[in-house]
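This report walks through selected features of one protein model, moving from a pocket to strands, cores and helices. The structure is displayed first, and the reading follows it.

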Amino acid sequence: MLALTYVQGLEVAHFRNMVEAAGSASAIFENLSSLSEILPGASPRLKSLLSDPKAFERARRELEFAAEHDIDIICYGDDAYPYRLRECDDAPIVLYSKGCMNLNARRIVSVVGTRRATEYGKDMCERFVKELSESVPDALVVSGLAYGIDVCAHKAAMASSLPTVGVLAHGLDRIYPAPHRNVAKAMLENGGLLTEFMSETESLPAYFVRRNRIVAGMADATVVVESAASGGSLITASIAYSYSRDCFAFPGRVTDENSKGCNALICNNRAALITCAADFIAAMNWGVPKQKEKPRQMQLFTNLTPDEEVVMQQLARFPDGVQINRLVVETNIPVNRLMPLLFELEMKDFIKTLAGGRYKAKI
């Protein structure tokens, strides 16, 4: 897998498609002489790119670097791979992580914003994270370790004892920006650092956009605290919207330059307006019910088909709801069959739909 990511000139989605078609990354390299048999339509150029001997040399160096610096390498098919990110078409096939983190935490929120944060923006960010920790103490806060709102979110999370993960646009052999090195080191105790880039990778402008898709894709929702009319946080929000993930924004005065982006997201219905963590928690249905209903036994209901029973059993594993892409994987039922099943179960009052296209069992 590492050698495959070294190959230049291919889109991230192409890597995943090749691995799925061949059965494994190893099968691709082991069958280069007959590549077109396992990858129909493979061009001579692709075979030439895959034949570069430097790929495995670089992969071995990266394995040695990871072992020396306690870096975990997470491949697309691993259990530790973020399942929310796996649902995205352009998910990276390899991730590098350092620290103590659960990338499949029960509740994950990305908090992003401008690098030129005002006191208003910082205050809103700190209040949001603090209030979130009081009501949802198991939430994981994700951001990009950049100046402004990003680092403010990380610091607020640590101050509130919430785990926090910084997604980087470079390898784990460096920290950018350098002044955030101490913050990054402190995050390793409860959270950590995550990237798709090998060591020795410089933080090029294009890599920050690639980083943003991970920030958006690995979370249940993205919150934009403060943003000008353009910037990286708006790109992250746009990506989250394209993934059908929930997006929220704090409003600001119409005359404030650093609130124009948030106001535009709200005005264009690309983000829901929130003024505090309570608004966000209510919209996400993350609140703890005051009184739990007594569970109903599924076996008492004889009007469930075998397929409906399978769906209900899987939904029971996700008390906060699950998106349909994940449900397709867990039930092994194609989406064209699953959609009618979900509709029937909703009509029978066994399930309900939540924000972000998620489904939750009522029993």
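How many nonpolar, polar and charged residues does the lining of the second largest pocket have?

## The second largest pocket

The model is a predicted one, and the question above is answered by its residue classes: the lining of the second largest pocket has 13 nonpolar, five polar and seven charged residues. These belong to a lining of 25 residues, among which Thr-5, Gln-8, Phe-197, Tyr-207 and Arg-210 lie nearest the centre of the pocket.

The space in this second largest pocket comes to about 660 Å³. At least two lining residues are supplied by each of the helices α1 (2–6), α2 (12–22) and α11 (205–217), and the strand β2 likewise supplies at least two.

## Strand pairing around β2

Strand β2, which covers residues 94–100, runs antiparallel to strand β1 (residues 72–75), and four bridges join the two. Within this pairing, Asp-72 stands opposite Ser-97 of β2.

Strand β2 also pairs with strand β6 (residues 191–195), again in the antiparallel sense, here over five bridges. In that pairing Tyr-96 has Thr-195 of β6 as its bridge partner.

## Nonpolar cores

The largest nonpolar core holds 70 residues, and of these Leu-4 and Leu-50 touch the most other members. Leaving aside residues up to four places away in sequence, Leu-4 touches Phe-15, Met-18, Val-19, Ala-25, Ile-28, Phe-29, Leu-50 and Ile-93.

## Helix α13 and its surroundings

In helix α13, which spans residues 260–267, the buried residues are Gly-261, Cys-262, Asn-263, Leu-265 and Ile-266. These buried residues pack against β7 (221–224), α12 (232–242), β8 (246–249) and β9 (272–273). After the helix comes Asn-269, whose phi is positive, near 60 degrees.

## Ala-278 in helix α14

Ala-278 lies in helix α14, which is made up of residues 277–284. Is this alanine buried, partly exposed or exposed? Ala-278 has a relative accessible area of 48%, and it therefore counts as partly exposed, since buried requires a value under 20% and exposed a value over 50%.

Although Ala-278 and Leu-132 are 146 residues apart along the chain, their C-alpha atoms are separated by 7.6 Å.

Conventions: Residues numbered from 1 in each chain as written. Predicted model: local features only at pLDDT ≥ 70, side-chain atom pairs only at ≥ 80, totals over all residues. Heavy atoms only, no water. Core = buried A, V, L, I, M, F, W, Y, C linked by side-chain atoms within 4.5 Å. Buried < 20%, exposed > 50% of the residue type's maximum accessible area, 1.4 Å probe, protein only. Contact = heavy atoms within 4.5 Å. Pairing = 2+ DSSP bridges. 1 Å grid on protein atoms, 1.4 Å probe; cavity = no way out; pocket = protein on both sides within 12 Å on 5 of 7 lines; lining within 4 Å. Points joined across faces, edges and corners; volume = space filled by probe spheres on them. Nonpolar A, V, L, I, M, F, W, Y, C, P; charged D, E, K, R; others polar.
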